[in-house]
Amino acid sequence: MTEGVEVDTQTVQGESVPEIPEELPILPLDQFVLFPAMVAPIIVGEEKSKALINDVVSGPRLVGVFTKIPEASDWGSFENIYNVGTAAKIVKMLRTPDGIVRVLLHGIARIRIVEPISTSPYLKARVQELPEEPADDMETQALVRSIQALLAKAVQLSALPEDLATAAMNVGDPGRLADLVATNLPLKVPELIEVLSLTSVRERIRKVHYLLTREMEVLELGSKIRTQVKSELDKAQREYFLREQLKAIRKELGEDESTSHEIEELEERLKKKALPQHAREVAEKELNRLRLMQPASPEYTVARTYLDWILELPWLESTTDTLDIKRAKRILDEDHYDLDKIKERILEYLSVRKLKNDMKGPILCFVGPPGVGKTSLGRSIARAMGRKFARIALGGMRDEAEIRGHRRTYIGAMPGRIIKAIKQAGANNPILMLDEIDKLGSDYRGDPAAALLEVLDPEQNNSFVDNYLDIPFDLSNVMFITTANHMDPVPGPLRDRMEVIELPGYTLGEKVQIAKRYIIPKQLENNGLQPDQLRFTEAAVVRIIEDYTREAGLRSLEREIAAVCRKVARRVAENPEFKMRVTPRNVQSLLGPPKYYSETAQRMGVPGVAIGLAWTPVGGEILFVEASMTPGSGRFTLTGQLGEVMRESAQAALTFLRANASRWDIADELFSQRDLHIHVPAGAVPKDGPSAGITICTALASLLTNRLVKDYLAMTGEITLKGNVLPVGGIKEKVLAAARARIREIILPERNLNDLAELPPEIREKLKFHPVKQVHEVLDLALGDKAPTENWG
């Protein structure tokens with residue numbers, strides 16, 4: 001074995017090179033390769049090797065030095081040593097009291113094992129000297145000079161002994177130079193054995209040059225790394241020294257030490273905060289600026305507030321979506337009755353997210369009258385998906401900075417509502433509800449609707465830049481839900497970015513079920529009542545809906561039920577044993593006289609009155625169109641705040657009836673000697689749209705023919721001069737309004753039949769629909785018996 005090997009680069013002078021015998025004892029060494037012409041001290045501790053030394057020193061002192069294969073464990077086998085080694089002479093031997101033998105070996109020549117002879121008491125083999133193939137050409141000389149130059153450079157890097165470069169300059173034999181360099185390089189045993197086995201001096205010098213070049217690259221890289229580390233350490237020490245000086249200066253100036261603690265706290269928060277690289281760079285730059293500012297400076301407050309916003313925003317924090325489809329469906333069903341179309345859309349989104357993780361959030365727009373549950377539906381979706389929920393009210397917003405934020409040029413500048421909502425939610429993937437998007441305004445401060453174009457565009461909002469932050473923030477994981485009462489005021493480009501889902505309103509049956517399942521339990525809890533203290537019969541709920549509310553949504557119904565609960569709560573507070581069952585009989589005693597009556601019977605008893613169906617932003621409504629005539633000169637008057645489109649429909653209806661007067665037995669003098677007047681109550685409410693065309697025509701025909709219009713019939717449709725009936729919109733809302741007004745039959749354009757598929761089955765069964773193509777079909781269906789002559793006009 002070898003321990004603490006030191007290589008002497010000097011050869012033994014004054015001794016002739018002995019002749020190598022054919023048989024030599026073999027001295028195996030561990031992790032060390034001896035080269036010819038080299039002198040090396042060796043420590044011998046293995047017993048077989050000690051016996052070998054004892055036998056050799058009394059003779060010619062020649063041994064064969066071979067290196068053990070690193071993976072081998074046994075010293076006493078030829079299979080465990082390399083085949084190439086060096087013949088060496090034992091120059092000196094020293095025994096120590098502890099039994100260790102130290103010898104000084106002088107390498108003589110390369111040899112290889114020809115044939116093993118014995119393994120006991122130590123290894124012995126027949127060997128053969130390997131003669132060198134000298135080389136003295138220009139390539140060899142160039143390699144020698146290159147090696148000498150590289151060694152000088154390596155010594156400068158403090159990687160090799162200083163005298164190695166001098167020794168290399170004084171070695172004239174290229175082969176010996178290669179051996180000298182290989183011995184001093186930190187090479188692995190297999191690489192050293194490869195050099196030792198090369199008898200061609202040219203090949204050996206090439207190999208050593210390659211190994212030395214590789215080592216130089218490693219040394220230069222290590223030197224570069226050390227220089228860089230030292231530079232960084234020096235910079236850190238310099239910054240620490242300067243900070244300590246700054247602290248001392250501030251202390252001398254009497255400045256508050258809390259400022260330095262505040263900056264240290266910000267620095268610690270910045271280290272712990274997960275930020276994208278571009279945001280971290282901006283925050284670090286701002287923190288360095290903050291260090292140089294005076295705390296009393298107004299700019300200090302601006303910079304401090306800006307850093308707080310960066311550190312509080314959830315740049316990389318997100319919640320994990322709940323992708324259990326069955327659970328999500330159960331939650332949606334628990335919170336909302338019906339609304340199957342919307343629930344199905346949410347479940348579709350969750351299903352796709354389950355199959356594709358990187359799907360962008362949809363942008364949904366719930367359109368419907370007030371009180372149908374648009375906002376509460378957003379909260380339910382957030383609960384079903386396991387996401388945070390935030391809401392932004394857009395109604396009346398006129399300043400673009402409310403969306404994009406204020407520029408950081410003055411004290412009090414703040415981010416926009418989008419960034420504020422993200423911070424409030426505490427996650428970068430919340431459900432963000434933009435309420436009342438149809439009520440956005442605009443003025444000289446900009447157009448918020450235009451600013452929303454970027455927010456609601458999946459291709460752009462992954463790098464949304466708020467004017468205050470001035471750093472891109474990724475909104476692509478946010479699920480945006482907008483709400484509106486109607487889409488007409490929403491600009492086309494903004495509408496194009498949203499998936500519109502309509503909530504037209506509820507039928508009587510749906511309202512009853514919602515009241516029983518949600519509204520009544522909620523109001524009982526809000527008013528401190530137990531379920532056994534107040535009960536509502538289904539008939540009582542129906543009467544409250546029909547006599548005390550007239551709306552597409554549920555807000556008025558909730559208010560009326562809350563009023564009943566408050567009255568009962570007062571009685572329970574006076575008498576804890578009080579209990580009440582609300583029935584149709586005692587509803588009036590609790591809520592007072594009915595607020596709504598059926599006007600159909602009292603209005604439809606005279607000619608010239610027809611019931612139309614209208615769409616409004618708050619749901620469908622029935623519309624009474626009244627026609628009257630007086631002696632005159634054929635003037636045609638329209639009242640009731642009618643819009644231009646509705647006036648044109650009235651003119652078209654009159655022209656059609658004059659052109660077809662003979663078909664309906666209408667005398668020509670009625671058009672020339674009478675003045676006609678159309679009025680649409682209520683007069684204070686503006687009205688417009690083409691869908692009242694057939695209603696106006698029917699009212700005029702009823703007046704001119706003195707025939708009553710059926711009081712259980714309502715209609716909607718646009719009229720042309722040639723008597724065609726064209727399709728109109730808002731069919732579902734109009735039909736629901738007719739059902740609330742207890743209409744039994746509806747006339748509608750034939751091309752609107754497909755819209756009936758969206759109606760609840762109970763409404764389709766309750767009402768009878770008459771699809772028409774021509775106005776004469778409308779009049780045949782609508783006009784009934786002649787009225788008494790005294791009612792004419």
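Local features are described only where pLDDT is at least 70 and side-chain atom pairs only at pLDDT 80 or more, whereas totals for chains, interfaces and linings use all residues. Residues are numbered from 1 along each chain as its sequence is written, and side-chain values use heavy atoms, with hydrogens and water left out.

The predictor's confidence in each residue is given as pLDDT, on a scale from 0 to 100. For the protein chain the mean pLDDT is 84, and 94% of its residues reach 70 or more. Residues 1-14 have a pLDDT below 50, and this stretch has 28 contacts in the model beyond near neighbours in sequence; a contact means heavy atoms within 4.5 Å. Where pLDDT is low, the predicted coordinates should not be read in detail.

Helices (H or I, at least four residues) and strands (E, at least two) are DSSP runs, numbered from the N terminus. Two strands count as paired if DSSP finds at least two bridges between them. Strand β1 covers residues 23-29, and six of its seven residues are buried, so the rest of the structure largely encloses this strand. Here buried means under 20% relative accessible area, exposed means over 50%, and partly exposed lies in between (1.4 Å probe, protein chains only). With strand β6 (residues 124-129), β1 pairs in the antiparallel sense over three bridges, and Glu23 stands opposite Arg126 in β6. With strand β3 (residues 62-67), β1 pairs in the parallel sense over four bridges; Leu29 stands opposite Thr67 in β3.

Ser49 belongs to helix α1 (residues 47-56). Ser49 is buried, with a relative accessible area of 3%. Not counting residues up to four places away in sequence, Ser49 touches Leu27, Pro28 and Val44.

Helix α3 (residues 162-170) has Leu164, Ala165, Ala167 and Ala168 among its buried residues. Seen down the axis of α3, the buried residues fall within an arc of 165°, so they line one face of the helix; the arc is that of the directions from the helix axis to the C-beta atoms. The cover over these buried residues includes α2 (138-156) and α4 (174-184). On the other side of α3, Glu162, Met169 and Asn170 are exposed.

The buried residues of α22 (residues 644-659) include Ala653, Phe656 and Leu657. These three residues are among the contacts of Cys697, which lies in helix α24 (residues 693-705). Leaving aside neighbours within four places in sequence, Cys697 is also in contact with Ile719, Val775 and Leu779. The C-alpha atoms of Cys697 and Ile719 are separated by 8.3 Å, although the two residues are 22 residues apart along the chain. At 0% relative accessibility, Cys697 counts as buried.

How values were computed. Expected span 1.5 Å × (residues − 1).
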